[in-house]
Amino acid sequence: MTSEQLAQNAAETTKIFEIDRIGLSIDGNAILSDVSLEFPAGEVVALVGHNGSGKSSLLKILARQLTPTSGTAAYGGRDLKQYQGRDFARSVAYLPQDLNTGSDMTIRELVGCGRYPWHGALGRFSEIDKQKVEAAIAATHIETFAERVVGTLSGGERQRAWIAMLIAQDAHCLLLDEPTAALDIAHQVEVLSLVRRLAHEGGRSVVIVLHDINMAARFCDRIHALKGGRVVASGMPGEILVPATLHAIYGIDMDVISVPTLSHPLAYAC
Amino acid sequence: MSPTRSDNLGPALVCLALLCGGGVAAWLLIEPALSVVAGQGYDTRRMVLYYSTLPRLVTALLAGAALAMSGALFQHILRNPLADSTTLGVSAGANLALVVVSLFVPGLFGAGRDVVALAGSAAAAAIVIGLGARRGFSPYSLVLSGLVLSLWCGGLAAILIYLNQRYLASLFIWGAGSLAQQSWTIPLSLAWKMTIVAMVCALVMRPLSLLDLGEAGSAALGVRLARLRVIVIACAVTLAAIVTSAVGVIGFIGLVAPTLARLSGARRPVQLIFWSPLIGAALLFFADSVLQLSAGGLGSFLPTGAVTAIFGSPLLLALLPRLKVRHRIQQAELPRRSRRRSASAPLIIAVMSVLGLVTVSLFVGRGPGGWAVLSGEFFDDILALRAPKVFAALASGAMLGVAGSILQRLTGNEMASPEVLGISAGATFGVAIALFAIAPGFPGEFAFAAGGAISVLAIILLGSRRSNFAPERVLLAGIALSAMVDAVVGVLSSTGDPRAALLMRWMSGSTYLVNGTIAMSEVALGAALIAIALAARHWLDILPLGPAPSAAVGIPLAGSRLALFGLAGLMTAAATLTVGPLSFVGLMGPHFARELGLTRALPQMIGAALIGGGLMTAADFLGRTIAAPYQIPAGLVSALIGAPCLMLLLGKKR
């Protein structure tokens with residue numbers, strides 16, 4: 001099978017990513033050790049943990065930005081190494097944490113960059129590409145500022161623009177590295193609702209690195225928790241949000257209270 | 001005020017090592033004269049020792065200290081690790097003032113050389129810092145305007161010297177920084193002037209050391225920033241001016257000495273400002289003694305300024321990866337540019353202008369009888385002479401423009417260009433080797449130039465890969481390489497080799513030697529390389545977003561960067577062959593294109609090509625006609641027209 005066919009078949013499997021005993025060390029420091037996890041298709045999966053727990057590195061491995069030093073990572077049942085750059089990008093889109101904010105491009109041009117995996121280095125920017133860009137802009141509700149320059153947008157608008165670029169990429173799977181890190185609470189809810197809608201209505205799978213355990217519980221279907229490069233907990237939000245598990249993840253005493261209007265309990269530090 | 005001991009150990013060791021090295025070399029120089037039994041009456045060796053060798057060594061110590069002090073002050077007050085009297089154009093300003101005054105109003109020297117030099121450097125500093133202030137002292141725009149001004153002053157001085165060669169030959173050697181002395185006058189006058197400036201500096205030391213807290217923080221503690229800035233900059237400019245007026249332009253000491261101090265452990269501002277002059281003094285002393293020792297009889301003719309650059313730049317390059325940029329550079333605000341809806345209007349205007357320029361350039365000339373449109377019996381003959389130069393200039397300018405555009409997009413740095421990054425200098429170096437080793441034709445020279453340009457790119461690529469092309473690293477590396485090549489050429493030309501004269505003419509960017517074959521090759525190369533660059537437009541659109549997003553959409557990072565850098569190198573090499581390394585078109589083309597609202601890769605490259613080609617054609621035309629029957633090299637003219645335009649643009653932006 002070619003790399004391209006592999007990428008297309010991947011969308012139809014039930015486990016979008018499977019990683020098996022992954023280890024990563026950089027300059028002799030173990031970042032990840034013995035991590036084995038599964039990511040079901042069609043779900044929003046959160047990676048949580050304290051700073052330096054390895055969650056971003058794990059996401060980078062899934063995005064093929066880093067290569068694990070041991071173990072295997074598979075996408076759609078095939079090892080990540082079997083894919084080629086553009087074919088993989090047609091199927092999996094990745095949003096890095098540090099985004100270049102000082103870009104000269106307009107939003108529409110930025111979103112257009114997401115079409116690169118389809119038209120390639122020498123191809124024309126076709127009518128289909130244009131339609132996909134417009135659809136992505138519409139899906140993220142950024143029509144009103146599509147002509148503005150990226151550098152002039154507020155944080156929430158900019159994140160939506162980048163997510164629009166990922167949507168234009170037409171990928172089955174979105175990998176998002178702390179897309180809400182610099183946002184206020186209103187924009188966090190706005191961006192995460194958008195991500196959830198994209199997954200559940202658009203049939204996409206999402207892996208998202210989040211800081212806030214309550215946000216993860218509210219918007220994600222499943223939570224994988226890391227600590228010191230190892231998996232400490234994995235399950236549905238309700239299974240993770242119990243005091244003992246939270247203590248294992250964050251290393252401090254935490255408790256939960258139930259809120260009548262929410263479907264899941266709310267965690268807080270004691 | 002008592003710095004901890006461990007912080008001082010490193011700088012002290014560096015200082016001691018340099019002084020020991022210099023001391024040994026100096027002793028070997030003096031020793032023969034001392035070992036002779038003191039003769040009676042007229043003892044030449046002893047006179048040389050007392051009135052030439054010793055004053056020279058003392059001058060080296062003093063000039064080194066003054067330059068390093070000036071550099072340290074500039075770096076600290078502007079919070080910019082790249083600042084020094086060379087990169088801010090202050091030395092070049094003093095140099096130009098001295099050249100102009102000695103040519104046109106020599107009477108002014110009655111008021112004192114120092115006054116003239118000081119006026120020149122103060123004007124340069126005022127222009128550069130005034131422009132910088134409008135952009136919130138953004139370090140890059142400051143160094144950019146400084147380098148542009150430096151180049152402009154250097155270019156103008158070169159033209160003046162070129163047109164008045166007989167009177168200014170010795171000025172040229174002096175301009176390259178010669179420490180040769182005939183008496184104690186210069187070191188003594190340097191010493192008391194420096195003492196005054198040092199005393200002023202000591203008075204502002206306290207507020208100066210608070211500056212690390214940032215503007216708001218130090219103002220909150222009661223530091224009067226505006227006044228402090230004026231005092232410190234005035235001190236730094238004065239130091240640079242008195243040294244320039246005494247011994248000419250000695251580059252790099254002001255950049256290298258504070259860098260060495262910082263790398264060897266000096267941390268606090270007081271330490272930096274204390275150790276930098278000592279290290280600078282030791283450094284120049286060492287460089288000059290070694291130079292005198294190794295060059296023997298030629299020593300008094302070899303400009304030390306050139307030699308310090310040959311020593312200093314590799315040192316800087318080697319230290320670069322270890323340099324932590326402590327001065328936190330505040331991110332410049334993104335200027336809110338108005339964007340035009342379509343790119344076609346500016347492009348159409350550009351195409352029309354270039355066509356117009358080429359036509360005028362081909363058919364209008366200036367003969368003995370004044371301006372004339374080409375006609376009559378010599379039509380074919382003259383056209384056959386003119387056309388190759390016009391088209392070679394056009395192709396070279398276009399290639400430089402596109403190369404600049406590619407480099408700016410790849411490094412994410414608006415100041416990147418073949419000239420600033422030292423790639424042109426690399427090409428020059430290749431040609432110099434080609435000229436001195438063998439004497440090949442156009443293909444051979446192109447191969448050597450391309451080799452030089454691409455090796456410089458490789459050095460930049462390897463050196464800054466770990467820092468992810470952090471702009472300050474790339475720029476420092478480029479400045480270092482350019483200075484080194486300038487220095488090598490300076491040393492070569494002061495040896496009096498006839499091939500050096502050829503190299504000098506070529507460096508000034510003269511299209512005089514271009515014939516039909518060369519022009520054809522240039523145009524063909526230009527068309528092919530630009531076509532390849534235009535085909536890579538998608539890469540160039542996406543790569544500025546950063547490595548992670550680019551890799552995420554499937555761009556092969558290493559491969560695409562390598563290909564694009566290589567392409568820029570080839571274009572620079574081809575263009576440098578006809579218009580020399582100093583045209584600045586590679587910087588101006590993309591800048592003007594961006595100012596016209598062309599921000600995407602494809603229109604920007606086309607715009608940069610048209611503007612670059614147009615500028616070069618216009619420069620060639622002006623150079624040919626303005627001082628007819630003399631021909632002023634096109635490369636110099638384009639630098640002289642373009643640099644002020646660029647500075648105006650820099651100043652206009654909020």
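Reply: A residue is called buried when its relative accessible area is under 20%, exposed when that area is over 50%, and partly exposed in between. The model discussed here is predicted.

By this scale F17(A) is buried, and F39(A) is buried as well. Over all chains, the structure holds 6 aromatic pairs. One of them joins F17(A) and F39(A), with 6.3 Å from centre to centre and 85° between the planes. Planes over 60 degrees apart count as edge-to-face, so the pair of F17(A) and F39(A) is given that name. F17(A) belongs to strand 1 (residues 15-26) of chain A and F39(A) to strand 2 (residues 29-40) of chain A, so their pairing ties together parts that are 22 residues apart in sequence.

A further aromatic pair consists of Y75(A) and F88(A), which is also edge-to-face, at 5.7 Å centre to centre and 80° between the planes. Here a strand is linked with a helix: Y75(A) lies in strand 4 (residues 70-75) of chain A and F88(A) in helix 3 (residues 85-91) of chain A, so the pair ties together parts that are 13 residues apart in sequence. Both Y75(A) and F88(A) are buried.

The loop between strand 1 and strand 2 of chain A contains D27(A). In contrast to the buried F17(A) and F39(A), D27(A) is exposed, because its relative accessible area is 76%. Its backbone also deserves attention. Most residues other than glycine have a negative phi. D27(A), although not a glycine, has a positive phi of about 50°. R64(A), likewise a residue other than glycine, has a positive phi near 65°. R64(A) is found in the loop between helix 2 (55-62) and strand 4 of chain A. It counts as partly exposed because its relative accessibility is 31%.

One buried residue is D288(B), whose relative accessibility is 0%. D288(B) sits in helix 12 (residues 269-295) of chain B. Leaving aside residues up to four places away in sequence, D288(B) touches R56(B), A60(B), L179(B) and T304(B).

Packing in chain B can also be followed between whole helices. Helix 15 (residues 379-411) and helix 20 (residues 516-535) of chain B pack with their axes 8 Å apart, at an angle of about 25°. Helix 15 of chain B is therefore roughly parallel to helix 20 of chain B, and the crossing of the two is left-handed. Among the residues that meet are F391(B), M399(B) and V402(B) from helix 15 of chain B, and V523(B), L525(B) and L529(B) from helix 20 of chain B. By class, this contact has 14 nonpolar, 3 polar and 1 charged residues.

How values were computed:
Residues numbered from 1 in each chain as written. Chains lettered and ligands numbered in written order. Predicted model: local features only at pLDDT ≥ 70, side-chain atom pairs only at ≥ 80, totals over all residues. Heavy atoms only, no water. Axes fitted to C-alpha atoms, helices over the stretch in contact; angles between N-to-C directions. Helix = DSSP H or I, 4+ residues; strand = E, 2+ residues; numbered from the N terminus. Parallel < 35°, antiparallel > 145°, perpendicular 65-115°, else oblique. Left-handed = near helix turned anticlockwise from the far one by under 90°. Contact = heavy atoms within 4.5 Å. Nonpolar A, V, L, I, M, F, W, Y, C, P; charged D, E, K, R; others polar. Buried < 20%, exposed > 50% of the residue type's maximum accessible area, 1.4 Å probe, protein only. Phe/Tyr/Trp six-rings, centres within 6.5 Å; stacked < 30°, edge-to-face > 60°.
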